[in-house]
Structures are given as C-alpha cells and as structure tokens.
Amino acid sequence: MATDKSKFIDYIDEALEKSKETALSRLFFTYQGIPYPVTMCTSETFQALDTFEARSDDIVLASYPKCGSNWILHIISELIFADSKKKYEYPEFPVLECGDPEKYQRMKQFPSPRILATHLHYDKLPGSIIKNKAKMLVIFRNPKDTAVSFFHFHNDVPDIPSYGSWDDFFRQFMQGQVSWGSYFDFAINWNKHLDDENVKFILYEDLKENLAAGIEHIAEFFGFSLTGKQIHTVAAQSTFQAMRAQSQQTHGAVGPFLFRKGEVGDWKHLFSETQNQEMDKKFRECLAGTALGAKLKYESYCQS
Ligand SMILES: Nc1ncnc2c1ncn2[C@@H]1O[C@H](COP(=O)(O)OS(=O)(=O)O)[C@@H](OP(=O)(O)O)[C@H]1O
C-alpha cells in the first residue's frame with residue numbers, strides 16, 4: 001500500500017495488547033443496543049462521535065466486520081495516490097468509532113479527503129455525515145463467508161479471545177452477540193439507504209470476480225479520473241495475494257491472520273446442514289424480497 005501506516009499498526013498492536021488480558025466473557029460492552037469490543041471502542045468515544053463534523057468530501061467506507069473493509073481501504077488509498085501522486089497518510093486509525101474521544105478534535109486539522117472507515121449500522125452514523133452528504137461506499141459479503149472469516153479471526157489470532165468451537169461462534173453470530181452486533185440488523189438498516197444519491201453498494205464477491213471493473217466503479221463514484229492502465233495497476237496491487245504478501249508491513253503481526261484466505265465459498269468447510277438451514281431461514285426472514293437481498297446473490301453464493 002502506498003501509505004505509511006505506522007499509526008495504523010500502533011493502534012492494532014495496542015488493541016491486541018488489551019485483548020491478551022480480556023476473556024471472551026468480558027470482551028463486549030453494549031452501547032445503544034449494540035455490542036462492541038472493549039478493546040477497540042468506549043462509550044466516551046461514542047459520545048464524542050456525536051460532535052464529529054463530517055465534510056462533504058470525506059470518503060466513507062462502510063461495512064459489517066469481515067466483509068472486506070481493509071480491501072476497500074487499500075483500493076481507495078491507491079486511487080488517491082494514482083490520482084494525486086500524494087501518499088494518503090493515516091494520521092489516525094481509520095475506523096471512525098475506534099480510538100480515544102479526542103480524535104475528532106484532531107481530525108479537524110486533517111486535509112481533505114479524509115478516509116473514514118466504519119462498521120456502524122446506518123442509523124448509528126454521526127448525523128453530520130448524512131447532513132453534509134459525504135459519499136459512502138458500502139461493501140457487503142455473503143453472510144456465510146462473513147461468519148467463517150469472523151470465527152477464524154477470533155480463533156486464529158493468538159491474542160484475541162477464542163470461542164470454544166465453531167458451533168459456539170455460530171450461535172453467537174446468529175444472535176448478533178458479536179462485535180458490532182447482528183449482520184442481519186446491519187443489512188436491514190443499510191437496505192433502506194442503498195438508493196440514496198451519496199451511497200454506492202459494492203459486493204465482495206463481484207469485486208473478487210472482476211477486480212478492475214469494481215475499481216473502475218469505485219473510482220467513478222468518488223470522482224477519480226484514472227486511465228485504464230492506472231486502474232489495472234491499482235487492481236494488480238489489490239489482489240488478495242499482493243495484499244497478503246505486504247500484510248506484515250501494512251498491518252503488523254495480525255496481517256497474515258487478517259488476510260487469511262480471501263475466498264468465496266469457504267463456508268462449505270464449516271457449516272453443518274442444520275446451520276445452513278438456519279441461516280437460509282434467517283436470510284429469508286430478514287432480506288428476501290428486498291433490494292439488498294437481491295444484490296447479495298444469496299442463491300449463487302450461499303446455496304450452491
Ligand atoms: N484483496 C483481497 N481480496 C479478497 N479478500 C480480501 C482481500 N483483502 C482482504 N480480504 C478478506 O477480507 C476479510 C477481512 O475483512 P475486513 O478487512 O473487513 O476485516 S475487519 O473487519 O476489518 O477486521 C478476510 O477474509 P477471509 O480470508 O475469508 O478471512 C480477508 O482475507
């Protein structure tokens with residue numbers, strides 16, 4: 001990645017250090033009905049977030065955890081670099097709701113465009129993002145691979161509290177008792193806003209299938225004018241293999257765990273038939289017949 005991410009790595013290392021002393025039973029606190037990890041979020045920071053002043057040229061990258069947040073962060077910073085020849089510096093950890101309460105004051109000094117990643121449900125975003133019509137790219141991934149990725153992150157990273165088994169994690173995931181709450185609540189919430197003029201939807205699986213085309217759409221949405229050659233260069237730097245190879249430099253010790261497999265359909269290795277049926281039912285109840293339900297291509301990615 002064309003960025004100096006030392007602040008980024010410092011923040012991740014600090015969160016991992018806190019995780020070492022945190023048992024799974026003490027990992028979450030609830031703020032306005034949603035569980036968040038105590039290692040990354042505090043209620044003081046959430047209160048301060050209400051005062052955050054968004055700009056119309058902020059770049060908001062929204063996603064439920066494990067849906068490809070670091071992938072689009074990388075793509076955007078490469079697009080900025082290709083467009084302006086200036087490295088995007090990360091003066092703060094880019095996830096908006098993570099960090100100390102003073103970060104929003106410091107962020108006032110940062111030059112535009114500022115990249116704001118977030119895992120917040122739409123109705124928990126600070127009002128100024130909506131009011132000032134900052135452009136928001138929201139990336140979704142099929143819920144089965146999302147759950148599997150989430151489970152592996154907990155159980156593979158030595159310093160992060162583990163679940164007793166995949167079955168334990170699945171139960172918590174389906175009840176929304178995981179960091180940033182329920183995938184399905186997040187989806188229902190965002191579903192109402194996919195047609196908003198400042199919102200663009202992107203599907204992890206589509207990006208995987210045609211990375212250059214996805215990058216072109218992202219560039220167009222944010223108004224970066226790049227040549228076809230530049231788009232292909234960004235695509236070559238944004239493959240899973242390229243990002244995994246750099247992951248220790250970009251994300252520190254957690255890098256190789258974060259960039260784990262990057263595949264579509266990994267859920268087939270873990271889901272039992274009963275779990276498949278349970279998630280299929282939940283999907284039908286929450287998203288069947290909705291615009292997002294169609295966009296997720298559930299039959300292709302979760303049922304075959
Ligand atoms: N370039 C590229 N191509 C394909 N897949 C990629 C890429 N970059 C990240 N990933 C995969 O995204 C998963 C991690 O998601 P997030 O970055 O959203 O994680 S986090 O919530 O911010 O911790 C995680 O998925 P799994 O491998 O299935 O665990 C990453 O491997």
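Which loop does Pro113 lie in? Some notes on that and the rest of the model, which is a predicted one.

1. **The cis proline.** Pro113 sits in the loop between helix H4 (103-107) and E4. The peptide bond joining Ser112 to Pro113 is cis, with omega at about -5°. Most peptide bonds are trans, and I'd start my reading of the backbone here.

2. **Two positive phi values.** Most residues other than glycine have a negative phi. Lys133 is not a glycine, yet its phi is positive, about 55°; Trp180, not a glycine either, has a positive phi of about 70°. Lys133 is in the loop between helix H5 (127-131) and E5, while Trp180 is in the loop between helix H7 (166-174) and helix H8 (183-191).

3. **Are those two residues buried or exposed?** Trp180 is buried, because 26 other C-beta atoms lie within 10 Å and the cut-off is 20 or more. Lys133 has 14 C-beta neighbours inside 10 Å, so it counts as partly exposed.

4. **Overall build.** The chain carries 16 helices and six strands. For 304 residues, a compact globule would have a radius of gyration near 19 Å, and the chain's 18 Å agrees with that. Along the principal axes, the C-alpha trace spans about 50 × 40 × 40 Å. Buried residues account for 39% of the 304. Of the contacts with a separation of 6 or more, 73% link residues 24 or more positions apart.

5. **The sheet.** Four strands make an open sheet, ordered E4-E3-E5-E6, with parallel pairing. Strand E4 (115-118) and strand E6 (199-203) are at the edges with a single partner strand each, so one side of each has no neighbour in the sheet. From one strand to the next the twist averages 20°.

6. **Around E5.** Strand E5 (residues 135-140) pairs with E6 over five bridges, in the parallel sense. Within that pairing, Met136 stands opposite Val199 in E6. Helix H10 (residues 211-222) lies across strand E3 (59-63), E5 and E6, and runs at about 155° to E5.

7. **The ligand shell.** Which residues come nearest to the ligand? Out of 22 around it, they are Ser69, Asn70, Ser149, Arg260 and Gly262. Helix H3 (69-84), helix H6 (143-156) and helix H12 (240-251) are the elements that give two or more residues to this shell. By class, the shell holds seven nonpolar, nine polar and six charged residues.

Definitions and conventions. Residues are numbered from 1 along each chain as its sequence is written. This is a predicted model: local features need pLDDT of at least 70, side-chain atom pairs count only at pLDDT 80 or more; totals for chains, interfaces and linings use all residues. The radius of gyration is taken over C-alpha atoms; the globule rule is 2.2 Å times the number of residues to the power 0.38. A residue is buried if 20 or more other C-beta atoms lie within 10 Å of its own, exposed if 12 or fewer, and partly exposed in between; C-beta atoms are placed from the backbone. Two residues are in contact if their C-beta atoms, placed from the backbone, lie within 7 Å. Two strands pair if DSSP finds at least two bridges between them. Axes are lines fitted to C-alpha atoms, for helices over the stretch in contact, and angles run from 0 to 180 degrees between N-to-C directions. A residue is near a molecule or strand if its C-beta atom, placed from the backbone, lies within 6 Å of it. Ala, Val, Leu, Ile, Met, Phe, Trp, Tyr, Cys and Pro count as nonpolar, Asp, Glu, Lys and Arg as charged, and the others, Gly among them, as polar.
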